[in-house]
Amino acid sequence: MLRYVLRRLLTAIPTLFLIVTLSFFLLRVAPGGPFSQERGLSPEVRANLERVYQLDAPLWRQYLSYLGNLLHGDFGPSYNLPDFTVADLFRVGLPVSVQLGASALVLALILGSILGIVAALRQNRGVDYAVVALATAGSTIPTFVIAPLYQLVFALTLAWVPVAGWGGGALVNKIGPALTLALPQIAIVARLMRGAMIEALRANHIRTARALGLGSWSVVVKHALRGALLPIISYAGPAAAALLTGSVVVETVFAIPGVGRYFVDAALNRDYTLVMGTVVVIAVFVIMFNLIVDLLYALVDPRVRYD
Amino acid sequence: MSRFRSLLIATLLLGTAALPAAAESIYNRGNSADPESLDPHKTSTVYEAHILRDVFEGLVMQNATSDLIPGVAESWTVSPDGKTYTFKLRPDAVWSNGDPVTAEDFVYSFRRLEDPATGAEYASMLYVIKNGEEVNTGKAKPEELGIRAVDAKTFEVTLKSPTPYFLEMLTHQAAYPVNKASIEKFGADWIKPGNLVSNGAFTLTEFIPNDHIKLVKNPKFHAAGEVKLDVVNYIPTEDRSTAIKRYEAGELDSNDDLPTEQLADLKKKFGDQVKLGPYLGTYYYAIKTDKAPWNNPKLRRAISLIIDRDFLAEKVWQNSMLPAYSMVPPGIDGYTPAEADYAKTSQFDREDEAKKILTDLGYGPGKPLKLEIRYNTSENHKNTAVAIQEQLKPFGIEVSLINTDTKTHYGHLEQKGDYDYARGGWIADYKDPESFLGISRKASGNNYSNFDNAGFETLMDEAAAAGADPAARMKKLAEAEKVLVDELGNMPLLYYSYHEIVSPKLKGWEPNVMAVHPSRFISK
């Protein structure tokens, strides 16, 4: 097992290297640069800026120097927010996004699973239809509709929570964004769980277990659920990576100081170093969670072995 | 007994200590975007200007109505040739660490602005100072910049040529003083809360990106007695709809922008809390004037005649913009913008004239005119372009639209890429027509139209030469604008207006064309 983990971590290095290299050069293909703006700069001023940020060096040299800095854990300064280094921005923003994403993930896994199991056990009955309808609505209504609706009802009309803002991480400020993030995930998990559970309940070993006279609770939880968890785990890996690294819509609408917005803002602003930083962070999260998923497989499914 | 007494005293002390905190006056100020930087030499946008105006104080400043007032300089004199400005610094001007603000501080700051190693975006603004451009382009040493400290409290600036708007320029944040000792001590981190030494009405205490910037009253500020607010929180309000809801819920006391598509509803709901008025900014289309067929001013005129600006202002922009026929918007004292001659004729007459021009030039069913409009991503820019597309269509002009993100858009224009018409916008840095006309000068980095007109250049030069005589200068500038507008070096479409929402609880918020609202004049 340990050897497997080590091997996976080692293969992650060339993967990361490839991602960094590709992103670095793809970014430079995009027209415009960090200093293109409504108010044009005189050529002299532009030249000064490019010299200060070493953008005047040949591209290959910029690439090598970026790679060298990266190996030392230096993501460089942000071009558009020069008061901060990319690392600074992540130090402040990532904990915020992770907190929200983790809350949403836990909510989604627990609520989604319960809904899915209940629906599967009551297949083609009222409860099942209600869950399916809810799941469809949850995954089709976009967050940019849900978020303002939440603000309108719970903040403006009922005045239970603030409209937006992080409030230093106060619970009342987190409810809205966490729920908005969680809702579509709850819907997806519920649907996955329902499908997997229905299939698992029809499997031969379950029929055998029932025939052997095991109680229905024990059949569902010990045997069927274990098999049904596999698709949930495969989904939860990438979903966790996406949730923990923030969402641009939720963070913008709720004015949350997370890192989700950087993915879009930095790319639009041609903030090369910040884009590269976000790419590396997302890549690391995805690689990490894929590994966790694979390890969980082995834990849940006795047929999977990594020796 | 003595223990009881000390307890009593302690309780009383605690009580009095808590009192001022309870009465703290806090202004939660919505600001469309976070600053790119808090280093005055590295900023360029109005969002930064709002904050820096509270944190720093330049030689001269703006009051609540954006008029020029003394800042660190309590008085100044201008030499008869209009080239030398001598500023007398106020004796009580101090940094937030208690050190006096001296002429040497301004020498250091101006040199830093022009030093190529700083990479200051606004270095070019102060090219009007002798050797400014030379220093910034590395042809002269920073020590050769035309400034000097005559003594600790006397600062002297020598200009290249008389520049009547020099004082207005000095209100820009790029001309604020920065603290040499703290820059040398902390390097790039000098602008961090806790490190930042500044000389304005407020000091920086917190900056959490995308969350808030907290400023507290600076007790060492020379006019601290007149500053009513204890705390100003600048809250970035990227999402305008959320900003309005936060305002409604009392989380914000004001916001510097509104979702203009809801303007009519907002006015109904909030009444005179919605502040709307002319702002020194022009929304225009740049035209590739050095490319056929757009090198023909007659054709450029025909296009301009057809565009119904009233429709754009009313229907597309919900009257959050005003129809424009000149590059310089109204609102600058002593200057009358040179409007296009068709500003006062009816849309029907304009269209008739346009039809005639197009026929004369041979355009018609057999020879359709193709025009490409480029714009940067924004719902309103798109709607404007689509409206113009529809307006030009009946005249046989086939308009195609190209939408790109902002960086691609301006990157394309900077590199003099191929295009026909392209969206542009210009907001005044300082209250002077030069700010709007200078962008069409041949050598300007903002001359996206590649406008190259000898008459215009001559008049602009003459205006500069008439610097010492403000009336004569304004006249020359108006003549230059007339050339620009007649030749359609750019096609002005709309004047910007400010649209803000301000709580009735705030006192001292005065409407003005620069949308400048220093927190030191505001109370709550």
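Reader: At roughly what angle do the axes of helix α5 and helix α7 of chain A cross, and within what distance do they come?

Author: An axis is a line fitted to C-alpha atoms, for helices over the stretch in contact, and the angle runs from 0 to 180 degrees between N-to-C directions. Helices here are DSSP runs (H or I, at least four residues; strands are E, at least two), numbered from the N terminus. In this predicted model, local features need pLDDT of at least 70 and side-chain atom pairs count only at pLDDT 80 or more, while totals for chains, interfaces and linings use all residues. Residues are numbered from 1 along each chain as its sequence is written, and chains are lettered from A and ligands numbered from 1 in the order in which they are written. The axes of α5 (residues 126-140) and α7 (residues 171-202) of chain A come within 8 Å and cross at roughly 140 degrees.

Reader: How are α5(A) and α7(A) oriented to each other?

Author: Angles under 35 degrees count as roughly parallel, over 145 as roughly antiparallel, 65 to 115 as roughly perpendicular, and the rest as oblique. α5(A) and α7(A) are therefore oblique. For handedness, a crossing is left-handed if the near helix is turned anticlockwise from the far one by less than a right angle, and right-handed if clockwise. The crossing of α5(A) and α7(A) is left-handed.

Reader: Which residues make the contact?

Author: Two residues are in contact if their C-beta atoms, placed from the backbone, lie within 7 Å. On α5(A) the residues include A:Val131, A:Leu134 and A:Gly138, and on α7(A) they include A:Leu183, A:Pro184 and A:Arg194. Classes are assigned by residue type: Ala, Val, Leu, Ile, Met, Phe, Trp, Tyr, Cys and Pro are nonpolar, Asp, Glu, Lys and Arg are charged, and the others, Gly among them, are polar. The contact of α5(A) with α7(A) has nine nonpolar, two polar and two charged residues.

Reader: How do α8(A) and α9(A) cross?

Author: Helix α8 (residues 204-211) and helix α9 (residues 216-244) of chain A have axes that come within 10 Å and cross at roughly 150 degrees. The two are therefore roughly antiparallel, and the crossing of α8(A) and α9(A) is right-handed. A:His205, A:Ile206, A:Ala209 and A:Arg210 of α8(A) meet A:Val219, A:His223 and A:Ala224 of α9(A). Those residues divide into four nonpolar, two polar and one charged.

Reader: How many residues of chain A are in contact with chain B?

Author: Contacts between chains are counted on both sides. Here 40 residues of chain A are in contact with 39 residues of chain B. On the chain A side, α2 (43-52), α4 (86-121), α6 (143-157), α10 (248-253) and α11 (260-268) each supply at least two residues. The largest share, six residues, comes from α2(A). By class, that side has 22 nonpolar, twelve polar and six charged residues.

Reader: Where does UniProt place the feature "transmembrane region" in chain A?

Author: UniProt positions are given in the numbering used here, feature names are shortened, and annotations may be inferred rather than shown by experiment. The unreviewed entry places the feature at several stretches, including 100-121 and 272-300. In the model, residues 100-121 of chain A are 100% helix, with end C-alpha atoms 31 Å apart. Residues 272-300 of chain A are also 100% helix, and their end C-alpha atoms are 42 Å apart.

Reader: Where does B:Pro293 lie, and what is its peptide bond?

Author: A peptide bond is read from omega. The bond from B:Ala292 to B:Pro293 is cis, with omega near 0 degrees. B:Pro293 lies in the loop between β12 (274-287) and α9 (297-306) of chain B.
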